[in-house]
Structures are given as structure tokens and as C-alpha cells.
Amino acid sequence: MSQKPEPRGATRQSLSSSSSTTKTRLSTSFHFASYLRDHQKTLLESFIRLLHDPLASMMTMMVIAIALSLPGGLYVGLKNVHSITNQWDKQSIISLYLFANVEDTKALSLSHQLSSRSDIVNVMYVSKEEGMRYFEKSNGYEEILSALPENPLPIVLQVIPSYEVTIETLPNLESLRDELAGVQEVEYAELDAQWLHRLASLLSFGERFVYALSLLLICAVLLIVGNTIRMAVESRRDEVLVMKLVGATDGFIRRPFLYMGFWFGILGGILACTTILLVSWWVSTPAERIIALYQSDFTLQSFNADEVVLCLTMSAFVGVIGAWIAVNRHISDIELQ
């Protein structure tokens with residue numbers, strides 16, 4: 001069967017709808033391209049304005065760089081300390097001091113029983129006689145021990161856990177110590193990880209100090225950028241008034257100042273990252289000499305690529321936020337007058 005031809009009205013309507021859709025797409029693409037060109041032009045103009053007063057711009061960026069490099073340098077120091085502690089391969093020992101009335105056979109049975117556990121690598125049995133010989137070798141104890149009527153030392157079981165000594169495994173070691181302290185024959189259990197407690201406390205203090213200092217210095221960067229943008233708005237006060245008179249929106253007026261804050265932030269971040277990398281390179285030689293004295297293969301670390309990108313992103317964001325706060329307030333002040 002032959003198909004009936006479509007009516008002319010339907011064909012015209014279809015062509016009109018297709019043409020309208022094409023025009024809408026072209027209009028959207030044109031507006032988007034124009035929007036991007038405007039932003040690119042404003043971005044370039046704001047950078048050129050910084051070059052018109054290079055001394056003041058450089059001083060502002062240097063202050064921002066110093067404010068950002070201080071917490072960044074402390075962060076690099078903490079990262080190296082964490083890296084050093086992660087490379088330590090020291091086995092912790094839990095010393096179990098048995099009651100004085102525990103016999104050797106019962107102590108040996110307990111030693112074999114503990115050795116069969118999956119969370120314990122080995123158990124070293126230290127008898128009363130071995131403990132006495134150890135103290136006799138120590139200077140100053142010969143006369144004291146010879147005056148005693150009998151050996152007062154208990155049997156000691158030195159338990160070597162399967163956990164490596166790190167800050168992360170410290171809770172597991174303490175839990176094992178507490179569990180072994182509850183054994184009937186054990187009078188006292190001691191974990192030789194006090195140094196790890198001190199290190200964990202120092203690292204925790206260092207991390208909080210870096211976070212607090214970073215927050216304070218970020219606030220300082222906000223104030224620096226805000227004050228600089230405030231002076232830029234005041235210097236272009238007449239220009240802002242003219243733009244308001246011709247009907248320019250606040251977003252259009254705000255745009256160049258936001259990009260100026262972006263440039264201050266990103267360039268200050270670049271200077272901060274450069275400073276941190278240069279200081280890390282400068283101290284790497286004496287640090288490697290010290291590391292060589294301890295026969296360690298540790299390598300001094302600095303900012304990696306991800307951390308540089310994160311630092312630049314944060315600095316640019318802080319610069320834009322500082323500019324946003326300052327320009328919103330001063331544009332509204334100009335509008336009221």
C-alpha cells in the first residue's frame with residue numbers, strides 16, 4: 001500500500017519547531033561563549049592591574065606566602081616525624097611478673113599456653129636464678145643481694161606480641177597487656193611502651209598546634225586580602241559609581257575584585273610552596289648527614305604534587321572569600337551614599 005503524503009501544514013510546523021530548537025541551542029552556546037570570554041577578559045585585566053603597582057602587590061603576596069608557609073612547614077615536619085615512626089621496626093615486650101608462690105612447672109605450662117596464641121609470637125621464660133644473675137652483673141647490687149636470706153625475685157615471662165610497635169597498634173598492645181594481667185598466676189603486667197605514649201602525646205599536640213596555627217593564619221590571610229581589596233575598591237570608587245548609574249549589577253561590579261583576590265591567593269600560595277620546597281632542599285643535606293649517623297635509609301620528605309595542588313586550591317579559595325567579604329561590604333556602602 002502506498003503511504004499518504006504528510007499535510008503541508010504539518011511539514012511546516014515540524015520545520016519551524018526544528019528551526020526554533022536550533023536557534024535556542026545556538027543562542028545558549030553564544031551566551032555561554034560570551035560569558036566565558038567576559039570572565040577571561042576580567043581575569044586578565046585584574047592580573048594586569050596587579051602589575052601596575054608591582055611593589056604593593058608583591059608585598060601583599062609575600063605576607064600571604066609567609067602566613068601560609070608557616071603551617072605548611074610545620075605540616076612537613078610532622079609528616080617526616082610520622083614517616084620516621086612508621087619505619088621503626090621495634091618489637092614490644094610485655095613483662096609478666098608471676099606471684100612468688102608460683103612453681104616452675106606451672107610457670108612453664110603457662111608459658112607454653114601463651115605461646116600457642118595467635119597474637120603472641122614468642123614467650124621467653126626468665127627463672128628466679130636468671131633474674132638474680134642479671135642483677136648480680138649490675139654494678140652496685142652485689143652486696144645487697146648477698147645479704148638477702150633467699151632469692152626475692154619472681155619468675156618473669158617476657159611476652160612478644162605479634163603487633164609491631166606503632167601508634168596505631170598501641171590500643172591493641174594495651175588491650176593484650178590488660179588481658180594477660182588478668183591471668184591467675186600473674187601479679188603484675190608491664191608494657192614497655194611508655195616512650196610510645198609520650199610520642200603519641202607529642203604528635204597529637206603537634207597536630208592540634210598546626211591546625212590551630214593554620215586557622216589563625218588563614219584568618220590573617222582573609223584580613224590581608226580583605227584590606228587590600230578594600231583599598232582597591234576605594235581607589236576605583238568613581239568607577240563603581242558610574243557603573244551603578246548605568247545599571248551594572250553587583251555581580252558585574254564584584255567580578256574584577258574577586259579575580260584580584262584570586263590572584264593574590266594563588267600567587268601567594270605559589271610563593272609559599274616555593275619557600276617550603278626551597279627550605280626542605282636547604283636542610284636536606286645536614287638532615288641526611290644526621291640520618292646516616294643512625295644508619296637509617298630514611299629520606300627527608302617535602303610537599304608532593306597532591307599537597308602542592310591542595311595548598312594552591314586552599315590559598316586561591318581563601319583569597320576569593322576574603323575579596324568577597326570586603327567587596328560586598330564596600331559596594332553596599334557606596335550604594336548608600
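Guide: The largest nonpolar core has 29 residues, and Val221, Ile229, Phe257 and Val327 are those with the most contacts inside it. A nonpolar core here is a set of buried Ala, Val, Leu, Ile, Met, Phe, Trp, Tyr and Cys residues joined through side-chain atoms within 4.5 Å; buried means under 20% relative accessible area, exposed over 50%, and partly exposed in between, with a 1.4 Å probe and protein chains only. Two or more residues each come from helix H2 (54-87), helix H7 (194-235), H8, H9 and helix H10 (305-336). H9 gives the largest share of this core, nine residues. Helices (H or I, at least four residues) and strands (E, at least two) are DSSP runs, numbered from the N terminus.

Bear in mind that this is a predicted model: local features need pLDDT of at least 70, side-chain atom pairs count only at pLDDT 80 or more, and totals for chains, interfaces and linings use all residues. Residues are numbered from 1 along each chain as its sequence is written, and side-chain values use heavy atoms, with hydrogens and water left out.

Now zoom in on Phe257. Setting aside residues up to four places away in sequence, Phe257 touches Ile229, Ala232, Val233, Arg236, Val240, Ala323 and Val327 (contact means heavy atoms within 4.5 Å).

Phe257 also takes part where two helices meet: Val240, Met243 and Lys244 in H8 meet Asp250, Phe252, Ile253 and Phe257 in H9. That contact divides into five nonpolar residues, no polar and two charged. Ala, Val, Leu, Ile, Met, Phe, Trp, Tyr, Cys and Pro count as nonpolar, Asp, Glu, Lys and Arg as charged, and the others, Gly among them, as polar. The axes of H8 (residues 237-245) and H9 (residues 250-293) come within 10 Å and cross at roughly 155°. Axes are lines fitted to C-alpha atoms, for helices over the stretch in contact, and angles run from 0 to 180 degrees between N-to-C directions. H8 and H9 are therefore roughly antiparallel to each other, a label for angles over 145 degrees.

Another core, of 18 residues, lies apart from the largest one, with Leu96, Val102, Ile120 and Leu157 among them. Val102 sits in the loop between strand E1 (94-98) and helix H3 (104-115) and counts as buried at 11% relative accessibility. Beyond its neighbours within four places in sequence, Val102 is in contact with Ala107, Ile155 and Glu185. The C-alpha atoms of Val102 and Glu185 are separated by 6.8 Å, though the two are 83 residues apart along the chain.

Technical notes
Parallel < 35°, antiparallel > 145°, perpendicular 65-115°, else oblique.
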